[in-house]
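Q: I would like to learn how to read the strands and helices of a model. Please go through one with me.

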Amino acid sequence: MSSLTTQIVGFVQDVITAMGITMSVNIEETPEGTHINLEGEDGGALVRHGGEGLQALQHIVATTFRKQLGDDNRIVIDCNGYRKDKDAELRQMARFVAEKARSSGVPQEMGPLNPYERRIVHLAIAEDPAATSESIGDAFMKTVIISSRK
């Protein structure tokens, strides 16, 4: 584990402790980046309301360590596998929407999505040689347009 990962894990532990949450922290290095999974019964505080607490924690970590992380090094914070399940759902939805764009010939919209969710969708669409995707909008939350490749 790199010293940066150790720093980030310590920071995450401090934040959840300050929230009054007790959870264990597991780290998994993957080709997509470092996954920090928080596990424990107190996880409900982070995943209720569509995972708003988890998204906020992810945002705080990304903002705090932006300079050290750079553009390539991705840290993903998860809680009891919540994000992993949501990511799989999002990939499945992106493939479904791509199929709809192909069969109808009409570009389809997904969103609004945050930057992390848009990345999941773009990567899923990139695996499909018959579809393309692009983000539109000028806010934090943007819409992804999925089209059939001509």
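Q: What stands opposite Asp78 in strand 3?
A: The general idea is that two strands pair if DSSP finds at least two bridges between them. Here Asn37 stands opposite Asp78 in strand 3. Strand 2 and strand 3 are joined by 5 bridges and run parallel.

Q: What kind of model is this, and how are residues numbered?
A: The model is predicted, with local features needing pLDDT of at least 70 and side-chain atom pairs counting only at pLDDT 80 or more, while totals for chains, interfaces and linings use all residues. Residues are numbered from 1 along each chain as its sequence is written, and side-chain values use heavy atoms, with hydrogens and water left out.

Q: Which elements does the chain have, and in what order?
A: Helices (H or I, at least four residues) and strands (E, at least two) are DSSP runs, numbered from the N terminus. The chain has 5 helices and 6 strands, and from the N terminus on they run α-β-β-α-α-β-α-β-α-β-β. Its C-alpha atoms fill a box of roughly 50 × 30 × 25 Å along the principal axes.

Q: How is strand 1 joined to strand 2?
A: Strand 1 and strand 2 (residues 33-39) run antiparallel, with 7 bridges between them.

Q: Which way do the residues of strand 3 point, and are they buried or exposed?
A: In a regular strand the side chains alternate between the two faces of the sheet. In strand 3, Ile75, Ile77 and Cys79 point one way and Val76 and Asp78 the other, and all are buried. Buried means under 20% relative accessible area, exposed over 50%, and partly exposed in between (1.4 Å probe, protein chains only). Because 5 of the 5 residues of strand 3 are buried, the strand is largely enclosed by the rest of the structure. Across the chain, buried residues make up 35% of the 150 residues.

Q: At what angle do helix 4 and helix 5 cross?
A: Angles under 35 degrees count as roughly parallel, over 145 as roughly antiparallel, 65 to 115 as roughly perpendicular and the rest as oblique. The axes of helix 4 (residues 82-104) and helix 5 (residues 115-126) cross at roughly 50° and come within 9 Å. Helix 4 is therefore oblique to helix 5.

Q: Which residues of the two helices meet?
A: Contact means heavy atoms within 4.5 Å. Arg83, Asp87, Leu90, Arg91, Ala94 and Ala98 in helix 4 meet Tyr116, Glu117, Ile120, Val121, Ala124 and Ile125 in helix 5. These residues divide into 8 nonpolar, no polar and 4 charged. Ala, Val, Leu, Ile, Met, Phe, Trp, Tyr, Cys and Pro count as nonpolar, Asp, Glu, Lys and Arg as charged, and the others, Gly among them, as polar.

Q: How do helix 1 and helix 2 cross?
A: The axes of helix 1 (residues 3-18) and helix 2 (residues 44-64) come within 11 Å and cross at roughly 135°, so the two helices are oblique to each other.

Note on methods: Axes are lines fitted to C-alpha atoms, for helices over the stretch in contact, and angles run from 0 to 180 degrees between N-to-C directions.
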